[in-house]
Amino acid sequence: MRNSVPCDYFGEGQEIKLSINSYSRIQEKMKTPIGELLSLTRSFDVALICELLAEGLRQYGYHDAQWYGNRIQELLDSGKVDSIADIQTLVAKAIIASKFFGKEMYFLTFPEEMTEEDKEWMKAQEEKRNAPKNA
Amino acid sequence: MDEGAGGKEECAKKRVTGQKKAPVWNDYVRFAERMAYGVLHLLPEQFEKLTIGELEQLIDGWEERRKLRLREQFTMVANLMNIHLKQGSQVSVKRLLEQVLPPDEDVVEFKRKRAEFENELTPAQRERVKKYVSDNS
């Protein structure tokens with residue numbers, strides 16, 4: 001099972017990996033509960049993306065959110081990245097890969113990771129959800 | 001680990017006033033730490049590097065290991081006991097396991113906390129994430 005997502009924009013062979021501590025640190029920095037931050041009601045603003053990148057790529061040497069903001073601007077200016085959505089998607093995938101949204105979301109996003117056993121588990125979850133509540 | 005955004009009092013206040021959802025994340029992290037340090041015997045620097053998925057895999061692995069160890073021990077215990085018991089009233093490994101293997105309370109509590117946190121992310125929210133990823137990939 002993967003726990004990280006490859007990201008070559010800020011260095012060759014890097015992978016975004018969001019640990020439990022990463023989320024706690026982001027929550028602390030942003031002064032907002034992490035559940036709210038990642039609900040996408042805030043439409044994943046650039047500040048949050050930069051914070052997530054700073055934490056997710058910490059293992060390659062720490063750079064703060066502003067550093068990532070500048071790099072993203074450079075990438076956009078040089079045309080290496082078409083739009084900020086490319087990086088947003090990468091970060092969203094890294095969050096799902098860390099299983100923040102649970103196993104089900106993980107398998108929906110990375111179906112290639114599913115084994116036969118996992119497929120049965122997914123089917124059971126689906127059935128459980130669709131089962132009448134008063135039965 | 002600190003209390004995160006707002007701290008303990010703030011959480012309690014939010015729960016009482018109902019203005020915002022209380023940050024269940026902090027509860028989850030507290031249990032995750034308890035599992036990591038108490039049950040898995042991890043060091044803080046090892047715990048810091050773990051993702052939610054990795055921690056849960058480690059806990060599943062620990063449960064498997066516990067079952068295996070108990071099975072080995074109870075095989076020996078059952079053999080020793082059965083020497084002294086009449087046929088028909090002999091104990092089986094399965095029966096011994098049933099007495100010990102309602103799963104570890106800490107693990108049950110940890111999983112409950114995890115489910116609680118996951119439930120805080122509403123179905124609509126999940127749908128939004130799913131749509132967001134599929135639209136952008």
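How do α4(B) and α5(B) lie to each other, oblique or roughly parallel? The legends below begin with that pair of helices. The model shown is predicted.

**Figure 1. Helices α4 and α5 of chain B cross at roughly 130°.** Helix α4 of chain B covers residues 52-82, and helix α5 of chain B covers residues 93-100. Their axes come within 9 Å. Angles of 65 to 115 degrees count as roughly perpendicular and those over 145 as roughly antiparallel; α4(B) and α5(B) are therefore oblique to each other. The crossing of these two helices, α4(B) and α5(B), is right-handed. On the side of α4(B), the contact is made by Arg66(B), Leu70(B), Arg71(B), Phe74(B), Thr75(B), Val77(B) and Ala78(B). On the side of α5(B), Val93(B), Leu96(B), Leu97(B) and Val100(B) take part. Sorted by class, the residues of this contact between α4(B) and α5(B) are eight nonpolar, one polar and two charged.

**Figure 2. Helices α3 and α5 of chain A pack at an angle of about 55°.** Helix α3 of chain A runs over residues 46-56, and its axis lies 10 Å from that of α5(A). The angle makes α3(A) oblique to α5(A). The crossing of α3(A) past α5(A) is left-handed. From α3(A), the residues in contact are Val46(A), Ile49(A), Leu52(A) and Leu53(A). From α5(A), they are Ile84(A), Ile87(A), Gln88(A), Val91(A) and Ile95(A). By class, the contact between α3(A) and α5(A) consists of eight nonpolar residues and one polar residue, with no charged residues.

**Figure 3. Ser98(A) sits in the loop between α5 and α6 of chain A.** In chain A, α5 spans residues 84-97 and α6 spans residues 103-109. Is Ser98(A) buried or exposed? Ser98(A) has 0% relative accessibility, so this residue counts as buried. Neighbours within four places in sequence are left aside in what follows. In chain A, Ser98(A) is in contact with Asn3(A), Leu18(A) and Tyr23(A). In chain B, Ser98(A) is in contact with Thr51(B), Ile52(B) and Gly53(B). Lys99(A) is also placed in the loop between α5 and α6 of chain A. Lys99(A) is buried, with a relative accessible area of 4%. The phi angle of Lys99(A) is near 70°, which is a positive value in a residue other than glycine.

**Figure 4. Tyr23(A) and Phe100(A) form a tilted aromatic pair.** A pair of aromatic rings is described by the distance of the centres and the angle of the planes. Over all chains, the structure holds 11 aromatic pairs. In the pair of Tyr23(A) and Phe100(A), the rings are 4.8 Å apart centre to centre, with 45° between the planes. Tyr23(A) belongs to helix α1 of chain A, residues 20-30, and Phe100(A) to the loop between α5 and α6 of chain A, so the pair ties together parts that are 77 residues apart in sequence. Both Tyr23(A) and Phe100(A) are buried.

**Figure 5. Trp67(A) and Tyr68(A) form an edge-to-face pair.** The ring centres of Trp67(A) and Tyr68(A) are 4.9 Å apart. Their planes stand at 80°, so the pair is edge-to-face. How does the relative accessible area describe Trp67(A): buried, partly exposed or exposed? Trp67(A) is partly exposed, at 26%. Tyr68(A) has a relative accessible area of 2% and is buried.

**Figure 6. Chain B has seven helices and zero strands.** Along the sequence, the pattern of chain B reads α-α-α-α-α-α-α. Of the 137 residues in chain B, 39% are buried. Among contacts in chain B between residues at least 6 apart in sequence, 54% join residues at least 24 apart. Val29(B) is part of helix α2 of chain B, residues 24-39. Val29(B) has a relative accessible area of 2% and is buried. From Val29(B) to Leu58(B) there are 29 residues in sequence and 15 Å in space, C-alpha to C-alpha. His41(B) lies in the loop between α2 and α3 of chain B, where α3 covers residues 44-48. His41(B) is exposed, with a relative accessible area of 63%. Its phi is near 55°, a positive value in a residue other than glycine.

Notes:
Residues numbered from 1 in each chain as written. Chains lettered and ligands numbered in written order. Predicted model: local features only at pLDDT ≥ 70, side-chain atom pairs only at ≥ 80, totals over all residues. Heavy atoms only, no water. Helix = DSSP H or I, 4+ residues; strand = E, 2+ residues; numbered from the N terminus. Buried < 20%, exposed > 50% of the residue type's maximum accessible area, 1.4 Å probe, protein only. Contact = heavy atoms within 4.5 Å. Axes fitted to C-alpha atoms, helices over the stretch in contact; angles between N-to-C directions. Parallel < 35°, antiparallel > 145°, perpendicular 65-115°, else oblique. Left-handed = near helix turned anticlockwise from the far one by under 90°. Nonpolar A, V, L, I, M, F, W, Y, C, P; charged D, E, K, R; others polar. Phe/Tyr/Trp six-rings, centres within 6.5 Å; stacked < 30°, edge-to-face > 60°.
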